[in-house]
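Subject: A structure for you to look at

Hi there,

Here is the structure I promised to pass on. Have a look at it first, then read my notes below.

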Amino acid sequence: MITSTAELQELANKKREENEKNPREISSERSTPFYTKQRRIVLENEGLIDPDDIEDYIAHGGYMSLFKALDEMTPKEVIEEVKISALRGRGGGGYPTGLKWESVSKVQSLQKYIICNGDEGDPGAFMDRAVMEGDPHRVLEGMAIAGYACGANKGYIYVRAEYPIAVEKLNRAIKQATRLGILGENIAHSGFNFTVEIRLGAGAFVCGEATALIASIEGNRGHPRQKPPHLSDHGLWGQPTVLNNVETLANIAPIIKNGGAWFRAIGTENSSGTKVFALTGHIKNTGLVEVPMGTTLRELIFDIGGGVEEGRKFKAIQSGGPSGGCIPEHLLDLQVDYESLKSAGSIMGSGGLIVIDESSNMVEIARFFMDFCRSESCGKCTPCRVGTTELTLLLDKFIKKEATKSDFELLKEMCNMVKSTSLCGLGQTAPNPVLSTIKYFEDEYLAGIKND
Amino acid sequence: MSMQTDDRYNTLEKSMKKLSYEKNALIEVLHSAQETFGYLGIDTLKYIAKRLKLPYSKVYGVATFYNYFRLKPKGRHNVVVCLGTACYIKGSDKILEKIEQRYGIKAGETTSDEALSILTARCFGSCSLAPVIVCDDVIKPKTTLESSTLEIEEMIK
Ligand SMILES: Cc1cc2nc3c(=O)[nH]c(=O)nc-3n(C[C@H](O)[C@H](O)[C@H](O)COP(=O)(O)O)c2cc1C
Ligand code: SF4
Ligand code: FES
């Protein structure tokens, strides 16, 4: 059992000595531009530590932040530090994490919950998977610090069932942390209790949405509900609840260790820190990259990603998944942060970046996302259930080059209707890929209109 | 075989017991039932409803809401084609089409000799290996129209 910072330090030192005796090989790839342009905070341990061994995490400074918070800081001071860092939610919404924690900490209640959103619904994104599989303790540490700050003693991780290895690593991590007394009762003699359980998703995109996720943990169909009441007042089983994304929580331990001001200094004015992106599509180097906010799309695609594959021409980059948009070539010097992406008609989303070359048709890509939203719509409200179906059929007409001029007007009108009248984020953002491709690639829609 | 003598029902019973027959653990119970039986048959769903004291409509409603739950048995082998964005951009829709044509069934169906089921998925988080197909739980990276059918032949032979 580890009951004090001194004991934690002692274990870290012992393990470090052991590691020095049996050094692990570090891939020489780390000196290529793919790596040198990156700045790793969330992924700092990726590939360097053994996710199956809590001692290895501790040897790399793991759980020091939790013990520091418990030993030296009041819950209020923890929240203050997170507020200073200006960390914003990495799950898509970009809501300031410190403010979210503060509102839950202020609610009087005997039972509160911390939920980690590991549903990673955006198809084509795998940042959260990498963290849960490669550095599971970092997620647990972030959750425990959140629990201490907000007065919650129970945490849940909602992981998608398609990630069996993540589930296995997290389960093992929870067991090991519990065995060492780092999770459980009276952690480090502080009087703070915190336990974590895993809940499996079952393949419904809408369950990434906060209220649907809670319905799912409670054993129901994942139907979103109207907000307010917000989760801070009425979350899991009606109790005050903090819901944070995996990557958001993975930033917490470094913030407590190095201070909010350190984090605030990385990135841009309104978007601090780094962001992990999943670079995929028609690009030479695919994979996860972590860069400071404010890095340009051009740097991401050409310097880190090595450019478009097979010498073909770049056409667009899609960000934000089914809720996002496509950004054309002339905007490649755009800095990647919440506001800039929004002003270009896309969103940060969870961090999927899909490079699209000249061989793809943008209307077909818009249809792909619309069809995804159609099949993932939970069906609770009409604008989304019927609207996404109608929009898919309309887009088909353009693809078959059978659309009329009035279809084009109807398409735009219906997009705006679905956006403004749907109940939850799924329907509200489903038209985005269509709207953004109309904005930048209108000629491809016009080409789908038959002349008569 | 009656439920009492079918070992799989014992396994299911044990997992419900472990979850203290909590109504709100329904999704966990469905997961373990699917693991045990390979799919969620109507009898199994009715049994779960009875044991958790939930209306059958609720159990059926939850089981059909989530894509991960299968209400029909799978074939002896299965291939899952990823239709997530990264794989789609790399042509996984065409790969699926080719496999469907080759075996004369649609996604979600099983061949009449029960040798092969074709399934689809939203994303395995292996997007840098796109397009991927999964043959009996083994990820096959960077597949092509040709390699995908070869992999399947290899699996079912
Ligand atoms: C349809 C829909 C799907 C979502 N899927 C996810 C998801 O897979 N993972 C995630 O972290 N957030 C997802 N979100 C955002 C969450 O609702 C929520 O804002 C987020 O988990 C809060 O954590 P954060 O503040 O740390 O970002 C989704 C939202 C919507 C509307
Ligand atoms: S917008 Fe779509 S997903 Fe959201 S509640 Fe309505 S039908 Fe369900
Ligand atoms: S999109 Fe196919 S594995 Fe992610």
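What share of the contacts in chain B with a separation of 6 or more comes from residues 24 or more positions apart? They account for 60% of those contacts, where a contact means heavy atoms within 4.5 Å.

Before you go on, please note that this is a predicted model, in which local features need pLDDT of at least 70 and side-chain atom pairs count only at pLDDT 80 or more, while totals for chains, interfaces and linings use all residues. Residues are numbered from 1 along each chain as its sequence is written, chains are lettered from A and ligands numbered from 1 in the order in which they are written, and side-chain values use heavy atoms, leaving out hydrogens and water.

Chain B contains seven helices and four strands; these are DSSP runs, with helices being H or I of at least four residues and strands E of at least two, numbered from the N terminus. Along the sequence they come in the order α-α-α-α-β-α-α-β-β-β-α. Along the principal axes, the C-alpha atoms of chain B fill a box of roughly 50 × 30 × 25 Å.

Of its 157 residues, 52% count as buried (under 20% relative accessible area; exposed is over 50% and partly exposed in between, with a 1.4 Å probe and protein chains only).

Over in chain A, R172(A) is found in helix α9, residues 164-179. Why is R172(A) called partly exposed? Because its relative accessible area is 32%.

Happy exploring!
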